Amino acid sequence: MNRFTALLVGLSFSAVVHTAAAAGQSGDRLQTCLHQKQERSAAMQARDWEAMERFANAYIKRCVGIDRPRDFSTAHWEAAMAAMKLGRPASALKYLDRCIDVSYANASCHVEKIYVLIRMQRTGEARKWHATTNRLVNGQVEATERALRGPVAGVEKEALEIELESLQLSQRSLAMYGEELE
């Protein structure tokens with residue numbers, strides 16, 4: 001498993017753990033959401049893009065208002081990734097716009113949007129979005145590093161380390177897209 005896939009699986013696992021904890025408190029609907037997250041994670045591991053998009057859409061339809069906005073936006077991001085793998089960039093862009101609407105702070109949505117805009121040859125938009133996303137991601141990296149220097153331990157520290165690794169991956173993607181946009 002490559003580093004990117006391992007990071008995605010780690011982020012998915014983190015979201016599954018959060019939903020599992022909530023499911024213990026709130027019953028059947030949360031159990032359905034937990035199941036949908038597990039299915040999305042399995043489809044991602046299998047690189048079954050049709051299934052991933054289907055499970056992401058099922059989660060989006062059934063779990064609105066149940067889970068954290070960040071987890072909900074991640075389902076839109078996963079659907080966008082699947083749509084791109086299936087050769088449907090216009091659909092991917094719609095998912096990403098919803099992803100950003102749900103959780104503007106989800107850097108993955110912004111970075112993926114740049115990728116889609118580049119592939120759609122909308123370089124002017126991609127450049128503008130790149131500048132905005134660069135500021136967002138750099139600010140999030142600084143905030144996460146600051147939080148890690150504070151008094152954190154255990155699961156909270158692990159979650160921050162996973163978040164930092166994800167943001168650093170976003171920075172590397174932004175650098176690569178920046179070169180492509182020059």
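How do H3 and H4 run relative to each other, roughly parallel or roughly antiparallel? Keep that in mind while you load the chain. This is a predicted model.

**Stop 1: the whole chain**

Show the chain as a cartoon. There are 8 helices and 0 strands. Followed along the sequence, the pattern reads α-α-α-α-α-α-α-α. The chain has 182 residues, and 46% of them count as buried. Now consider contacts between residues at least 6 apart in sequence: 58% of these join residues at least 24 apart.

**Stop 2: H3 against H4**

Select residues 49-62 for helix H3 and residues 69-85 for helix H4. The two pack at an angle of about 150°, and their axes are 8 Å apart. An angle over 145 degrees counts as roughly antiparallel. H3 and H4 are therefore roughly antiparallel to each other. The crossing of H3 past H4 is left-handed.

Next, show side chains. From H3, pick Trp49, Met52, Glu53, Ala56, Tyr59 and Ile60. They meet a set of residues in H4, among them Asp71, Phe72, Ala75, His76, Glu78 and Lys85. Colour this contact of H3 with H4 by class: 11 residues are nonpolar, 1 is polar and 4 are charged.

**Stop 3: H4 against H5**

H4 and H5 pack at an angle of about 170°, with 8 Å between their axes. That makes H4 roughly antiparallel to H5.

Which residues of H4 meet H5? Select Pro69, Phe72, Ser73, His76, Trp77, Ala79, Ala80, Ala83 and Met84. On the H5 side, select Pro89, Ser91, Ala92, Tyr95, Leu96, Arg98, Cys99 and Val102. By class, the contact of H4 with H5 holds 13 nonpolar, 3 polar and 1 charged residues.

**Stop 4: Tyr95**

Stay in helix H5 and centre on Tyr95. Is Tyr95 buried or exposed? Its relative accessibility is 8%, so Tyr95 counts as buried. Leave aside neighbours within four places in sequence. Tyr95 is then in contact with Glu53, Asn57, His76, Ala79, Ala80 and Ala83.

Now draw a line from the C-alpha atom of Tyr95 to that of Cys109. The separation is 9.0 Å, for residues 14 apart along the chain.

**Stop 5: the disulfides**

With bonded cysteines counted along the chain, their pattern is 1-2, 3-4.

Go to Cys33 and Cys63. They form a disulfide, with sulfur atoms 2.1 Å apart. The torsion about the S-S bond of Cys33 and Cys63 is about -120°, so this disulfide is left-handed. The pair links distant parts of the chain, 30 residues apart. Cys33 sits in helix H2, residues 28-46, while Cys63 is in the loop between H3 and H4. Cys33 and Cys63 are both buried.

Move on to Cys99 and Cys109. Their sulfur atoms are 1.6 Å apart, and they too form a disulfide.

How values were computed: Residues numbered from 1 in each chain as written. Predicted model: local features only at pLDDT ≥ 70, side-chain atom pairs only at ≥ 80, totals over all residues. Heavy atoms only, no water. Axes fitted to C-alpha atoms, helices over the stretch in contact; angles between N-to-C directions. Helix = DSSP H or I, 4+ residues; strand = E, 2+ residues; numbered from the N terminus. Parallel < 35°, antiparallel > 145°, perpendicular 65-115°, else oblique. Left-handed = near helix turned anticlockwise from the far one by under 90°. Contact = heavy atoms within 4.5 Å. Nonpolar A, V, L, I, M, F, W, Y, C, P; charged D, E, K, R; others polar. Disulfide = S-S within 2.5 Å. Buried < 20%, exposed > 50% of the residue type's maximum accessible area, 1.4 Å probe, protein only.
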